Amino acid sequence: MDVVLKISRFDPGMDTAPRFQRFVVGVEPNQTVLDALLCAWRQDIGLSFRRSCRSAICGSCAVRINGRPALACQTLMEKAVAEGEPVTIEPLPHFKLLKDLVVDLEPFFESLKAVVPWLILREDYGGRMSPEVARSLEHPATCILCGVCEADSETSETLHPAGLVKALRLARDPRDALGAHRIRLLQVPVEVLRLFVRELPDKCPKGIEITDDILRRGVT
Amino acid sequence: MIMHEVLIVGGGLAGLMAAMNVSGKADAAVLSKVYPTRSHSGAAQGGFNAVMGEDDSIEAHVFDTVKGSDYLGDQEAIEVLCSDGPRVILDLERMGVPWTRAEDGRIAQRSLGGAGFPRACFAADFSGHVVLHTLYEQALKRGVKTYPEWHLLEILVDKGRVFGAVIYDLARARLEVIRAKRIVLATGGYGRAFLKTTNGHANTGDGMAIAYRAGAVLSDMEFVQFHPTTLYGTNILISEAARGEGGYLRNALGERFMAEYAPGKMELAPRDVVARAIFKEIKEGRGFEGHYVHLDLTHLGERLVAERLPQVRDLAIRYSGVDPARVPMPIEPAQHYSMGGVRTDVWGMTGLEGLMAAGEVANVSVHGANRLGGNSLLETVVFGARAGRKAAELAPGEPWPDVSSNTVKDALDRWNRLCLAPSAHSRSDDDQFAVRREMATIMTNQVGVFRTGVELEDAVARLEGLRKRYRDLPVPVGPQPFNYGLMDYIEVGHLLDLSEIIARGALARRESRGAHYRLDFPQRDDRNWLHHTFAHTTDRGPEFSAGPVSITRFQPQERGY
């Protein structure tokens, strides 16, 4: 099918503000927005956008599709195409725009450091962990640091959701010396964290779920 | 000019593991053309082989690997891989890797192809991802300097010793020279040379091609692994863990056809055996719609699929529209891994002084003619760590190599003309996308699972033609930030160099061994071909020579499953 893409363009050397450029691309319905972007790129080799794994595990191709932050490689064209409407593709909001669909990721990666995002091994850890506890760590560990949560959250400038996910995962890790203390160290009100955890699965392209029992442990 | 005692190129598992082991002992930096957490290591699903249980043994792991390699793996290197494995897995555990656990709380293990024991440590089917992110956390902790989205263009060599590198900074559209005492390449594979591949867009063989141009030796490049199970059409990887957890392969007649090809191991035969079996079924008319077979997990139950294979399930639902807990997945083989690479010893040292390599870019060689599932992730962390340790031991005591100002000036002039000046070439009708597509089509159709002399000869001739066309292509001009067109142009050049070496090596090797299968020479021929292939660059193109295989404990025998 032929589809019209409205792709946001911005060249820092020439433009003062982003503008849209229309592309007509031929794609199969089961192809993704990333496939469509690659078609557009073959028409205009100057178009800039990040991509790498094309299977939703690296997070490179996070953009705004029809107004909503998402991974281009995870969004099927048949879902993106509304009746007769072009598909609009823009850079992630809340990030500094550098060129076309490419945004500045440095502050995002920098923001992780605030939560001390590494395990501090308990001296008395004996090397075993129950399968249930391990499973509860697995799912939050699937965060791919794509930045979609940061772009999708109105409070992201103060909260930095990707860092919170890391902190909440480490907080429940029985190997970690800080453990549940990490919740208090975040200095985020527990009601805010509870709301964050509740909304996360809908905003996160990986649908990350964190049960909120850890929050109870953090405040007691 | 930037200076680092050890410059690590590549921020995947091997690169970050190397960085961790240098950190605190010498000044190190990691350069990557993507952000480190976006490295392709993160896409690995299945697991890390390591002997953890009392019933298993290092010797058994060594034997499985030697046999899996079709006796082309260096046994000295394989001993190192298997012996270092358990220690490294426990190190990763103490860094915070959320391994899946057995009922008794120990790290759980699953079966992958070609192994005589459930030997792969894993975290559901996100094994590569969670270890990559854990190592990234450790890199943050240790304050490892990273240069994301900096592309290696050239390794600078003077009087046979590496002294630095030319870099293109993608965001700022400028060139930079980094001086280094040692460079550790950890840039991964070249899957994008093939049309059908599980590899991401970044896997363009840059490190291999750049090292080769600088004078390092590539070895065993004709051995290319084709993963048996990728989603039909998109070639998105469906982990071997799906078979490890009990999945069946079925043809259009509903038969579990592996009974014909590997009755002892069935679906858990090594990848080369399974990939050939699937192709043969399709070729002989027993594929669905003539193109694919089924990977059937429906008998495993929803709970197991959800717990052990959540990513496989998501990928299949999203990209093939089938829920594998209920409906079999359509699958076909596709290029997956490069057994060949920059020749190194067990410490990551290449023949070029100052240059080291680890991971898929390297050829130690622990995989020989065919790699077993779970051994490449282990290789990245074991040999990444060893390369880092060696670099940390050597670099502080080494004098800074002399900078050859002529070499630097020549290189900068050349790259300036290409990257930053208007194209000197006249506009042609040809474009780099067309050249790349033709190359990848040739590689998949003629240098794939089944090979013949006639097709390989034709492939070599056509790849040479593509190289001529490449030289006349218009270069996407700069300067502009995030000039992906220019990077793609440079990457196509790397892929063309490597494709030619792969095809020539495959044409020369007149036998079948592991993943290299010649229909016109279907037997393994130890008398003439039990040796490595070394490729050297010359003014006339690649030249090949033979190198000995290290055989210590296990004499070659017929390989049956």
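This is a predicted model: local features need pLDDT of at least 70, side-chain atom pairs count only at pLDDT 80 or more; totals for chains, interfaces and linings use all residues.
**Stop 1**

Start by colouring residues 2-103 of chain A as domain 1 and residues 105-218 as domain 2. Taken over C-alpha atoms, the centres of these two domains of chain A lie 29 Å apart. Now show the boundary between them: 16 residues of domain 1 are in contact with 16 residues of domain 2. Together the two domains of chain A bury about 1200 Å² there, and carbon and sulfur atoms account for 60% of it.

Next, highlight strand β4 of chain A, residues 68-71: with four residues, β4 gives the largest share of the domain 1 side that touches domain 2. Colour that side of domain 1 of chain A by class and you get eleven nonpolar, three polar and two charged residues.

**Stop 2: where chain B meets chain A**

Zoom out and display both chains. Here 57 residues of chain B are in contact with 56 residues of chain A. The area buried between chain B and chain A is about 4900 Å², with 56% of it from carbon and sulfur atoms.

How many salt bridges are counted between chain B and chain A? The count is five. For one to look at up close, select Glu137(B) and Arg169(A): they form a salt bridge whose closest N and O atoms are 2.8 Å apart. Between chain B and chain A there are also 25 residue pairs in polar contact, with both residues at pLDDT 80 or more.

To see which parts of chain B face chain A, highlight α3 (75-95), α4 (127-141), α10 (310-320), α13 (432-446) and α15 (484-508) of chain B, the elements that each give two or more residues to that side. Helix α4(B) contributes the largest share, eight residues. By class, the side of chain B that touches chain A holds 24 nonpolar, 19 polar and 14 charged residues.

**Stop 3: helix α2 of chain B**

Stay in chain B and select helix α2, residues 58-68. Show the side chains of His61(B), Val62(B), Asp64(B), Thr65(B) and Val66(B), which are among the buried residues of this helix; Lys67(B) and Gly68(B) are buried as well. What covers the buried residues of α2(B)? Bring up β3 (48-49), α3 and α11 (375-394) of chain B, which are included in the cover. Just after α2(B), click on Asp70(B), which takes a positive phi of about 55°.

**Stop 4: Arg462 of chain B**

For the last stop, select Arg462(B), which sits in helix α14, residues 453-471, of chain B. Is Arg462(B) buried, exposed or partly exposed? Its relative accessibility is 40%, so Arg462(B) counts as partly exposed. Leaving aside residues up to four places away in sequence, Arg462(B) touches Ile442(B) and Gln446(B). To finish, draw a C-alpha to C-alpha distance from Arg462(B) to Val177(B): they are 36 Å apart in space and 285 residues apart in sequence.

Definitions and conventions
Residues are numbered from 1 along each chain as its sequence is written. Chains are lettered from A and ligands numbered from 1 in the order in which they are written. Side-chain values use heavy atoms; hydrogens and water are left out. Buried means under 20% relative accessible area, exposed over 50%, partly exposed in between (1.4 Å probe, protein chains only). Contact means heavy atoms within 4.5 Å. Buried area is the accessible area (1.4 Å probe) that two parts lose on being put together, summed over both. A salt bridge is a side-chain nitrogen of Lys or Arg within 4 Å of a carboxyl oxygen of Asp or Glu. A polar contact is a pair of N or O atoms within 3.5 Å; within protein, one must be able to donate a hydrogen and the other to accept it, and residues adjacent in sequence count only if both atoms are side-chain atoms. Ala, Val, Leu, Ile, Met, Phe, Trp, Tyr, Cys and Pro count as nonpolar, Asp, Glu, Lys and Arg as charged, and the others, Gly among them, as polar. Domain bounds come from an automatic or database domain assignment.
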